[in-house]
Amino acid sequence: MTDQEKLATLWDERNVSKVILTFGRALDTGNWDSYCSCLTDPLNLDFQRLTGHGEVTVTHRLLTRWATAFFEPLRRHHVYSNFAITLDGDRAHALVYMTSRHWKSTDMGAVFNNQYGWYDFDLQRDGETWLINRIKHDFRWVDGNAGLFDLNNPELLDSMQAIFCKANLAS
């Protein structure tokens with residue numbers, strides 16, 4: 001590799017990392033416009049480990065609607081590490097370790113729920129910008145109270161039905 005190619009590789013890896021970190025920060029702060037700005041439209045989701053449903057293709061607005069209903073009642077803190085980024089022209093793959101912490105005051109058990117695992121991201125370049133076009137959420141273990149997530153919230157149920165329906169199954 002020439003020095004120029006090495007520099008271009010470092011720049012792309014930096015920008016891939018940056019969009020992933022922006023995605024996590026936006027998720028934690030509830031900056032849903034910033035969250036959407038990290039994603040292609042549509043994009044693929046594989047949240048089978050979390051939801052029990054297979055991979056789907058959805059709009060970034062529908063994903064944001066679900067994330068809002070799922071996370072707004074909680075305080076959350078995602079930490080990413082061990083970035084393994086592979087570049088292939090205008091496409092990239094990143095396997096990123098994550099610890100996601102969730103907190104909510106409750107009298108029904110522990111006030112926290114933590115997930116330990118990784119995100120498996122596929123990204124594509126759009127001009128000078130890298131965008132996430134596939135997310136696989138996979139955790140190795142969880143501790144705490146899964147009851148923090150209000151799975152009876154009508155908005156959450158409605159958005160999950162809209163996302164994880166047969167029509168959205170990825171081909």
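Which classes of residue, nonpolar, polar or charged, make up the lining of the largest pocket? By class, that lining holds nine nonpolar, three polar and no charged residues, where Ala, Val, Leu, Ile, Met, Phe, Trp, Tyr, Cys and Pro count as nonpolar, Asp, Glu, Lys and Arg as charged, and the others, Gly among them, as polar. The model is predicted, so local features need pLDDT of at least 70 and side-chain atom pairs count only at pLDDT 80 or more, while totals for chains, interfaces and linings use all residues. Residues are numbered from 1 along each chain as its sequence is written, and side-chain values use heavy atoms, with hydrogens and water left out.

**The largest pocket**

- The largest pocket contains about 200 Å³ of space; a pocket is an open set of points on a 1 Å grid over the protein atoms alone, with protein on both sides within 12 Å along at least five of seven lines, and lining residues have an atom within 4 Å of a point.
- Its lining is formed by L50, T51, W66, F70, N113, Q115, F139, V142, A146, F149, L151 and M160.
- Two or more of these lining residues come from each of α3 (48-51), α4 (60-71), β5 (112-126) and β6 (129-144), where helices (H or I, at least four residues) and strands (E, at least two) are DSSP runs numbered from the N terminus.

**The largest cavity**

- One cavity of 30 Å³ or more is found in a search of the whole structure, a cavity being a set of grid points where a 1.4 Å probe fits but cannot get out.
- The largest cavity has about 140 Å³ of space, and a volume is the space filled by probe spheres set on the points, which are joined across faces, edges and corners.
- Among the 17 residues that line the largest cavity, L27, F47, F71, Y119 and H137 are the closest to its centre.
- At least two lining residues of the largest cavity are supplied by each of α1 (3-29), α4, β4 and β5, and α4 gives the most, with five residues.
- The lining of the largest cavity has twelve nonpolar, five polar and no charged residues.

- Helix α4 is mostly covered, with nine of its twelve residues buried, that is, under 20% relative accessible area, whereas exposed means over 50% and partly exposed in between (1.4 Å probe, protein chains only).
- The buried residues of α4 are H60, L62, L63, T64, W66, A67, A69, F70 and F71.
- S159, in helix α5 (residues 154-163), counts as buried because its relative accessibility is 0%.
- Leaving aside neighbours within four places in sequence, S159 is in contact (heavy atoms within 4.5 Å) with L62, R65, W66 and A69.

**Strands and backbone details**

- Strands β3 (residues 75-88) and β4 (residues 91-103) pair in the antiparallel sense over twelve bridges, and two strands pair if DSSP finds at least two bridges between them.
- The bridge partner of I85 in β4 is A94, and G89 takes a positive phi near 65° in the β3 and β4 hairpin, which has two residues between the strands.
- N82, found in strand β3, has a positive phi of about 50° although it is not a glycine.
- Leaving aside neighbours within four places in sequence, N82 is in contact with L95, V96 and Y97.
- The peptide bond from D41 to P42 is cis, with omega near 5°, and P42 is found in strand β1 (residues 39-46).
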